[in-house]
Amino acid sequence: MRRGVAVDGIGTHNARMWERLARADIPYTRPQGVPPKSDAGKRRFLDDLTDGMIAGIDFAGMRVLSLAGGGGWDAILFAELGADTTLFDISARQLDTVRRLARQRGTPLTFVRGDMRDLSALGNGEFDLVFHKHSMVFVPDPQRVIAEVARVLSGDGVYGFSTMHPITLRMYESWTGTGWRLKTTYFEDRAIASMDPTWEFGQVRVHAPTLEYGHRISDLVNACVASGLAVDGLWEWSPGYDAGPAGSDDDLERQLPAFIRLRARKLANGARGSRSRIDPPSPPAFVRPPERSRPSQPRTRGR
Ligand SMILES: C[S@@+](CC[C@H](N)C(=O)[O-])C[C@H]1O[C@@H](n2cnc3c(N)ncnc32)[C@H](O)[C@@H]1O
């Protein structure tokens, strides 16, 4: 990896992990399904992929940034539906996957490799729409990403992003036999450790301990506010609601949302709007509670 692309060791580590995952060709690293050939069909496919978050927006003539969108269909479909589209990702392999597909289809796309926390390769107000799916979890400082997105958006531009739900992310793999527990409190900012960071798809098993952060919902909303973005939609959902075995991810996601999604619009009249605003007070500093005693009965894990 070229030095200087990631802004810190966390970016470098996660870039390495995504190179590893892409080399193993796991499903998250290649476009899933095949979109129909007609424009109407492509539009339906893209609306589905973007969870309806930007339904109704006409992409023709728009300038769209697909942020951390390597390995997915979205950049290609934005471009084929008429948008001047840039794909930005930290992983060279994730970019290459889309580059190859775009070449085969004759789809014009611009590719930029970098860390989502530093969009200095892109100019102020260059985009009307920034679409950013499921990857804020890979950085510890979403405020930085959101401020950069606000800078590259044009006045009235739209930012749609999703990430893992901060409460549910703290509970995966924590089944005690009778319920789940939080791996860290909601107020701690450190990476949420995975007990088994092996990504498994059929025969393919890849050890890739990505560093993942569960951002508090208030922090995401307040970062938008601080950057002059007005939040106009907030959703919490799971990909499915069928009951799995007790303690399974499916069972957890049936009861708590797997993802959170926000849509925000850049205020057209200046970074912080025309009216004076009162910043919300800072929350009190987190103080680690006194060590709790261990449960007297050993617990069995459900998975
Ligand atoms: C779960 S994939 C999402 C890909 C695409 N958005 C999709 O839905 O198909 C996460 C992507 O985030 C990228 N990524 C991780 N950390 C990044 C960072 N700091 N800056 C830019 N991209 C990053 C990875 O390379 C990977 O392509």
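**Exercise 1.** Is Lys42 buried or exposed, and with which residue does Lys42 form a salt bridge?

*Solution.* The model is a predicted one, and the values below are computed from it. Begin with accessibility: Lys42 has a relative accessible area of 11%, and because buried means under 20%, Lys42 is buried. Turn next to its partner, which is Glu80, with the closest N and O atoms of the salt bridge 2.9 Å apart.

**Exercise 2.** Work out how far apart Arg43 and Asp47 are in helix H2, and then examine the salt bridge between Arg216 and Asp219.

*Solution.* Arg43 and Asp47 form a salt bridge whose closest N and O atoms are 3.3 Å apart. Because the two residues are four apart in helix H2, about one helical turn separates them. Arg43, at 18% relative accessibility, counts as buried. In the salt bridge between Arg216 and Asp219, the closest N and O atoms are 3.0 Å apart; here Arg216 is buried, with a relative accessible area of 13%, whereas Asp219, with a relative accessible area of 24%, is partly exposed. The structure holds 21 salt bridges, and a network of them links Asp8, Asp115, Arg117, Asp141 and Arg144.

**Exercise 3.** Describe the largest nonpolar core, and find which element gives the most to this core.

*Solution.* The largest nonpolar core has 27 residues, and those with the most contacts inside it are Leu65, Leu67, Val130, Ile146 and Tyr159. At least two residues of this core come from each of strand E1 (63-67), strand E4 (127-132), helix H5 (142-152), strand E5 (153-164), helix H7 (217-226) and strand E9 (259-266). The element that gives the most is H5, with five residues.

**Exercise 4.** Where is Trp175 found, and how far apart in space are Trp175 and Ser248?

*Solution.* Trp175 is found in the loop between helix H6 (166-169) and strand E6 (198-201). Although it is a loop residue, Trp175 counts as buried, at 13% relative accessibility. From C-alpha to C-alpha, Trp175 and Ser248 are 8.0 Å apart in space, while in sequence they are 73 residues apart.

Terms used
Residues are numbered from 1 along each chain as its sequence is written. This is a predicted model: local features need pLDDT of at least 70, side-chain atom pairs count only at pLDDT 80 or more; totals for chains, interfaces and linings use all residues. Side-chain values use heavy atoms; hydrogens and water are left out. A nonpolar core is a set of buried Ala, Val, Leu, Ile, Met, Phe, Trp, Tyr and Cys residues joined through side-chain atoms within 4.5 Å. Buried means under 20% relative accessible area, exposed over 50%, partly exposed in between (1.4 Å probe, protein chains only). A salt bridge is a side-chain nitrogen of Lys or Arg within 4 Å of a carboxyl oxygen of Asp or Glu.
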